[in-house]
Amino acid sequence: MDEQSPQELDVIDRRWIARCLELAQAAAAREEVPVGAVVVRGGAVLGESANRCVELGDPTAHAEMLALREAFRCTGDARLPGAVLYCSLEPCVMCTGALLHARIARVVYGARDPKFGACGSLAMLPADPRLNHRCPVHGGVGAEASAALLRDFFRRRR
């Protein structure tokens, strides 16, 4: 990863979280939980997706998992060193495990997930010293917009 100033990194993070929110909005329009994820390395998108659990009838079809799978196909490798995973919602335990196995360099997310989040809410797996790969996490980027999208989605469903 190239070294950027905190200000440059903030601009980059906000740009990719905005893309995650676009993907999340498209998921909501399909009656999927509105979560979007993008895997980026060197400024290029390696993979992106939104939740497709309902469409695919698959509880593992989270945005992060699908974006990682696309990135693996794009690179031809199951490891993504130097890549950043952006997500509109804090990754769960399953997704965090996958991104750690993929050797993601950094995780950036929007809203916290107090029920399933594994990047600070329930656990902080990316910083767990017992694991052989760790990575920094930056949460709260675009959190208000992401949380509002989720609140509106679940309010309409009730």
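Predicted model: local features only at pLDDT ≥ 70, side-chain atom pairs only at ≥ 80, totals over all residues.
Helices, runs of at least four residues, and strands, runs of at least two, are taken from DSSP and numbered from the N terminus. Good morning.

The protein contains 5 helices and 5 strands. Followed along the sequence, they give the pattern α-β-β-α-α-β-α-β-β-α. The radius of gyration is 14 Å, close to the 15 Å that the globule rule gives for 158 residues, so the protein is as compact as a globular protein of that length. Along the principal axes, the C-alpha atoms fill a box of roughly 45 × 35 × 30 Å.

Let us turn to the interior and the surface. Of the 158 residues, 43% count as buried. Among contacts with a separation of 6 or more, 57% are accounted for by residues 24 or more positions apart. The protein exposes about 8100 Å², and carbon and sulfur atoms supply 55% of that area. As for charge, there are 20 positive and 19 negative side chains, and the centres of these two sets lie 4 Å apart.

I close with the cysteines. A disulfide is a covalent bond between the sulfur atoms of two cysteines. How many disulfides does the count give here? The count comes to 0. The cut-off is a pair of cysteine sulfur atoms within 2.5 Å. The closest cysteine sulfur to that of Cys 87 belongs to Cys 20 and is 6.0 Å away, so it is too far for a bond. For Cys 92, the closest cysteine sulfur is in Cys 95, at 3.8 Å, which is also too far. Cys 87 is buried, with a relative accessible area of 0%, and Cys 92 is buried with a value of 10%.

How values were computed. Residues numbered from 1 in each chain as written. Heavy atoms only, no water. Buried < 20%, exposed > 50% of the residue type's maximum accessible area, 1.4 Å probe, protein only. Rg over C-alpha atoms; globule rule 2.2 N^0.38 Å. Contact = heavy atoms within 4.5 Å. Areas by Shrake-Rupley, 256 points an atom, 1.4 Å probe, with all protein chains shown as cover. Lys, Arg positive; Asp, Glu negative; His and termini not counted. Charge placed at Lys NZ, Arg CZ, Asp CG, Glu CD.
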